[in-house]
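Hi there,

Here is the model I promised to pass on to you. My notes on helix packing, the sheet and the charged pairs follow below it.

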Amino acid sequence: MNDNGIKQKVERVEDTLKIGPLILESGKVLPDVTLRYERVGNPELPAVLICHALTGSHQTVGTEEEPGWWRGFVGYDSPVDLQQYQAITFNVVGGCSGSSGPASTDGENKPYRLSFPFITVRDMVHAQYKALEKLGVSHVRAVVGGSLGGMQALEWGILYPDFMDQLFILAATPALSDYGIAFNRIGIHAIEQDPRWNGGNYEEASDVKGFEVARMVGLVTYRSPSLFTNRFSREEKPAEDDRPYYQVESYLRYQGEKITRRFDPNSYLYLLYAMNGHDIGRGRGGIQKAANLIQAEVVGVGFTGDLLYPPDEIHSFIQFTSKGFFHEVETAFGHDGFLVEYEKWGPIIRGHLAERSPGHLSNEL
């Protein structure tokens, strides 16, 4: 809404950028890289770069017909207020929503599949930096991300420390824990051991039942036990035989089948491997030394019940930064808290964006 209470139409561009060759952290060169992106708001306003999570995409705001995954967080009179900022989101390299990845085609117009080189979170950030250069953006007000998006935001602060004023790290730690890697391994194993995955050469995503299992495993870790209990309450579903069958089982099966209609199993694998490799201290002398490279103000937000990225680990990391703030949000959603309940944590983001000034750079822990 504007000051007169009239709903404003979001100025939105969705397009694909060709950024040329990308030298990967592995030393391999990925030629002719493309990134799909969404840019919303007035392009003359300060930019907020938003980084998406595992199965997210560049469609943060989306359209009225197909709302984006963070539409309630970005918009007019939202935490990222389009009256004050523009918002830019890229589909990560390795993704499957229009950017170069295993599902895209190579120079011979054949699907890459597993010939696509494995990528890291740092590769994702370097690709986005090149894309922002193409868009004529030389500085952003903030980088914001949750989960895999938070990993990207952390790497942004280290790889390009003077490119932004603030980093907002939601539901992400400086390195993925062994616990997180363990759950990702279950998902990876389920996909790679599925005979119909066929070494990455499956016919249809829906053929790969291991992909459905991987998604179900992930969903169990994204929510808190209390949320499952309160939502499903051991409600039974009709079964064709004498075996008990419950609503929670039906829900997981539905979500497993749903992911195959919108995501590529190989991309899912590549992004899980990238998350497993996430460690800002790798090659930099450890996490504390890496944190010292960050020049921007860092705002860490943890969510109670987050099994994968515990709030206390985010808090501990924030204490290594020179300009750090930490907030813990009470939620029954656990890790998925960063995708919902904007009324609980959105004001934190809005407040820090508004208060950013030389007088607000002391630690507040």
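Helices here are DSSP runs of H or I with at least four residues, strands are runs of E with at least two, and both are numbered from the N terminus. The axes of H3 (residues 178–192) and H4 (residues 209–222) come within 7 Å and cross at roughly 165°. Axes are lines fitted to C-alpha atoms, for helices over the stretch in contact, and angles run from 0 to 180 degrees between N-to-C directions. The crossing angle therefore makes H3 roughly antiparallel to H4 (over 145 degrees; under 35 is roughly parallel, 65 to 115 roughly perpendicular and the rest oblique). On the H3 side the contact (heavy atoms within 4.5 Å) is made by Phe183, Ile186, Gly187, Ala190 and Ile191, and on the H4 side by Gly210, Phe211, Val213, Ala214, Val217 and Thr221. Sorted by class, the residues of this contact are eight nonpolar, three polar and no charged. Nonpolar covers Ala, Val, Leu, Ile, Met, Phe, Trp, Tyr, Cys and Pro, charged covers Asp, Glu, Lys and Arg, and the others, Gly among them, are polar.

Before you go further: this is a predicted model, in which local features need pLDDT of at least 70 and side-chain atom pairs count only at pLDDT 80 or more, while totals for chains, interfaces and linings use all residues. Residues are numbered from 1 along each chain as its sequence is written, and side-chain values use heavy atoms, with hydrogens and water left out.

H4 also packs against helix H6 (residues 247–259), at an angle of about 125° and with the axes 8 Å apart. These two helices are therefore oblique to each other, and H4 passes H6 in a right-handed crossing. Phe211, Glu212, Arg215, Met216, Leu219 and Val220 of H4 meet Leu252, Arg253, Gln255, Gly256, Glu257 and Ile259 of H6. That contact has six nonpolar, two polar and four charged residues.

Now the sheet. Eight strands form an open sheet in the order S1-S2-S6-S3-S7-S8-S9-S10, with mixed pairing (two strands pair if DSSP finds at least two bridges between them). S1 and S10 (324–329) stand at the edges with a single partner strand each, so one side of each has no neighbour in the sheet. On average, neighbouring strands are turned by 20° against each other, direction ignored.

Strands S1 (residues 12–23) and S2 (residues 29–40) run antiparallel and are joined by ten bridges, with Asp15 opposite Tyr37 in S2. They form a hairpin with five residues between them, and Gly27 in the turn has a positive phi of about 100°. S2 is also joined to S6 (residues 86–90), antiparallel, by four bridges; Val40 stands opposite Ala87 in S6. S3 (residues 47–51) and S7 (residues 140–146) pair in the parallel sense over four bridges, and Cys51 faces Gly145 in S7.

Which strands does helix H10 (residues 342–355) lie across? They are S7, S8 (164–170), S9 (297–303) and S10, with H10 running at about 165° to S8.

Last, the salt bridges (a side-chain nitrogen of Lys or Arg within 4 Å of a carboxyl oxygen of Asp or Glu): the count comes to 14. One of them joins Arg284 to Glu155, with the closest N and O atoms 2.9 Å apart. This pair links distant parts of the chain, 129 residues apart: Arg284 is in the loop between H7 (265–276) and H8 (287–291), and Glu155 is in H2 (residues 148–159).

Best wishes

Methods:
Left-handed = near helix turned anticlockwise from the far one by under 90°.
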